[in-house]
Amino acid sequence: MVDVVDLKKNYGNFVALNGVSFHISEGEMYGFVGPNGAGKTTTMKIMAGLLAADGGSVEIDGVDILRHPKKVKQLVGYMPDFFGVYDNLKVSEYMEFFASVYGIYGKEARKRCQEKLDVVHMLEKEDSFVDVLSRGQKQRLCLARCLLYQPKILVMDEPAFGLDPRARYEMKEVLRELMDVGVTMLVSSHILSELSEICTTVGIIEAGKMVVSGTLDEIMTKVNQSNPIVMEVVDGLEKAIAFLKEKEDVETISTNEQKVYVGFRGSQKDEALLLQGLLGQGVLISQYGRAENNLESLFMQITEKEE
Amino acid sequence: MKNPVLSKELRATARRPRLVLGLFVFNTVLAFMVVAVFRLNFYISASEVSYSNVIRFFSWIEIAEFLLLAFIVPSLMAGSIAGEREKQTLDILLTTPMSTLTIIVGKLLASTGTILLFIFSSIPIMSVVFLIGGVGLFDIVLIVVYACVFAIYIGSIGIFFSSIFRRTIFATITTYGACVFTCVLPYVAYWIGYWIYLSGDDGLSDGFQVPGWLILLGLFSPVDSLVSMLSYQIAGNTWYRQICLLNINADSFWQSVNTGEWMCVSMLLQMLVAAVLILASAKILEPVKAGKKHWKIEEKNV
Ligand SMILES: Nc1ncnc2c1ncn2[C@@H]1O[C@H](COP(=O)(O)OP(=O)(O)O)[C@@H](O)[C@H]1O
Ligand SMILES: [Mg+2]
């Protein structure tokens, strides 16, 4: 559905994107995560046809949009990170204005607008003026506007940024409903946990390069390999340490009372064999396993590594 | 042809109480002027009407409308695109299939339309002057045509600077600057030329001729179009006739063209400039230039 290959962008001498590549399949919700300044907005603006790239290619639904910048406008629904609305217009008029932009007028426009406002739970706000809406409501209005013409992909830049928990929840609900009806989406955030609940696939970008991408589980296991094994030794601590010291795959050993942290390079099977060996030495162990990363420490770990 | 931006702008403008108030004040003032002028001038006696006063009054309306346009259009237009940038609404417009030309034309028509509403709304009051005579339907049509050309001309200058600059304030300053420049440049050139001529002269100063290129400059000046329209409409050696570059003592070729023709040529030329500026603005606004050649991926393989 969407293929971004080796995308490059410079602002003067500053390299903002240094070969970004990712793939989004149809109906997928792709979480685009990275710290501030990583290049998320730049990538998304290029995809929305608002910024010229300096290299690489972006293919959406079989169209090379960098070569055919006019065509992108039919394919992509773009929600910027920061945007304004017009004063002196009501919600319904705002929607009808954009309907007319897509050549939809009159009764048909009214019907379509109400339909899309309903999708984002904004129908009851139809007669409010747009400039008095809250940020969360404006974002959902903007989303409804994107949906007016059934784009192939929705590109949303930090849709949850600056929202209170309630608005964030509502936004998430709307996105989940869109995913249920098969809308393909690219959603960015600088907070991984914000996306982990709803995204099918996550790509992490850092300083203009993709660091990892895959399903959340894949990323977790990939990163967990570098985590220490943590075990709680109830009895036979010395014996355990002596045993561990002789193993080739063990890189570091540190202890904290009963807890032993082992830097270990081996596979899952090696982990199991290590445990078996320890037990064979008569060491009593009450807990054993790789330290699990929570999302935030995982994110920190990934983005630090690249420096 | 439907222009979504135009309809949206008009709807938002119509909602501003300022507009209705402005229309009301403008026409009330005009109506009072008409009544006052009637009472004071036209009826010298019950049977005698001073046509020259009617016409003079008429010319003041034209000048007043020129000034109204000259002050309001640049400030309206300068904010048209830069304002959307500042309010962060432009990006969204640019991601829609609507062409940048549609956006520019919609903005231009909306702002000049608002102003032309003033002009059109004043037609009934101006028409009262009809009743007395001295001014024909053609004169009123001419004023409206001139007002449209003028509004579109300086409007396109405004929208051009508005597309260039990120901040409305810069667009406003440069637009006013450019308008003043086009309006007065030919006059400044003329007076400098005249001054140089006088300083090198032995005292017989009535032989100064306007060089032909200066007349060409005059064609771009809305002020010169205005005074040539006035001198076309109003006979006699009035002050507008005297300052009209397209009319005064030019060398023989230029003189063979009469004021009415100059006026048409200058309006056409100004529309042409406006068209160029509008197309240029549309091009500037295009975020990713379609005409630009992109790098070739194949090249890497070679
Ligand atoms: N118009 C610009 N001119 C110069 N540098 C820019 C511009 N826009 C963004 N940048 C820089 O490019 C980098 C990537 O920015 P951005 O794509 O906005 O990151 P993100 O959205 O991930 O926070 C940042 O370091 C930012 O300072
Ligand atoms: Mg950003």
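Predicted model: local features only at pLDDT ≥ 70, side-chain atom pairs only at ≥ 80, totals over all residues.

Trainee: Which residue of chain B forms a salt bridge with E93(A), and how far apart are the closest N and O atoms?

Mentor: The partner of E93(A) is R11(B), and their closest N and O atoms lie 3.7 Å apart. The cut-off for a salt bridge is 4 Å, so this pair meets the rule.

Trainee: Which helices of chain B supply at least two residues each to the side that touches chain A?

Mentor: They are helix 1 (4–14), helix 4 (90–94) and helix 14 (297–301) of chain B. Of these, helix 1 gives the most to that side, with 5 residues. By residue class, the side of chain B that touches chain A divides into 13 nonpolar, 5 polar and 13 charged residues.

Trainee: How many residues are in contact across the interface, and how much area is buried there?

Mentor: On the side of chain B, 31 residues are in contact with 40 residues of chain A. The area buried between the two chains is about 3,300 Å², and carbon and sulfur atoms give 59% of that area.

Trainee: Let us turn to the chains themselves. How many helices and strands does chain A have, and how many does chain B have?

Mentor: Chain A has 11 helices and 14 strands, whereas chain B has 14 helices and 2 strands.

Trainee: Why is chain A described as more spread out than a compact globule?

Mentor: One compares the radius of gyration with the value from the globule rule. For the 307 residues of chain A the rule gives 19 Å, but the radius of gyration is 25 Å, well over that value, so chain A is more spread out than a compact globule. Its C-alpha atoms fill a box of roughly 80 × 40 × 30 Å along the principal axes.

Trainee: What percentage of the residues in each chain is buried?

Mentor: In chain A, buried residues make up 53% of the 307 residues; in chain B, they make up 48% of the 302 residues. Among contacts between residues at least 6 apart in chain A, 69% join residues at least 24 apart, and the corresponding figure for chain B is 78%.

Trainee: What does the side chain of R112(A) reach?

Mentor: R112(A) is found in helix 4 (residues 106–119) of chain A, and its side chain reaches the backbone oxygen of L148(A) at 2.6 Å. Leaving aside residues up to four places away in sequence, R112(A) touches I104(A), L148(A) and Y149(A).

Trainee: How should I read a backbone angle such as phi?

Mentor: Most residues other than glycine have a negative phi. N88(A), although not a glycine, has a positive phi of about 65 degrees. E257(A), also not a glycine, has a positive phi of about 50 degrees.

Trainee: Where do N88(A) and E257(A) lie, and is each buried or exposed?

Mentor: N88(A) lies in the loop between strand 6 (76–79) and helix 3 (91–101) of chain A, and it counts as buried because its relative accessibility is 18%, under the 20% cut-off. E257(A) is in the loop between strand 12 (250–256) and strand 13 (259–264) of chain A, and at 72% relative accessibility it counts as exposed.

Note on methods:
Residues numbered from 1 in each chain as written. Chains lettered and ligands numbered in written order. Heavy atoms only, no water. Contact = heavy atoms within 4.5 Å. Buried area = accessible area lost by both parts, 1.4 Å probe. Salt bridge = Lys/Arg side-chain N within 4 Å of Asp/Glu carboxyl O. Helix = DSSP H or I, 4+ residues; strand = E, 2+ residues; numbered from the N terminus. Nonpolar A, V, L, I, M, F, W, Y, C, P; charged D, E, K, R; others polar. Rg over C-alpha atoms; globule rule 2.2 N^0.38 Å. Buried < 20%, exposed > 50% of the residue type's maximum accessible area, 1.4 Å probe, protein only. Polar contact = N/O pair within 3.5 Å; in protein donor to acceptor, adjacent residues only side chain to side chain.
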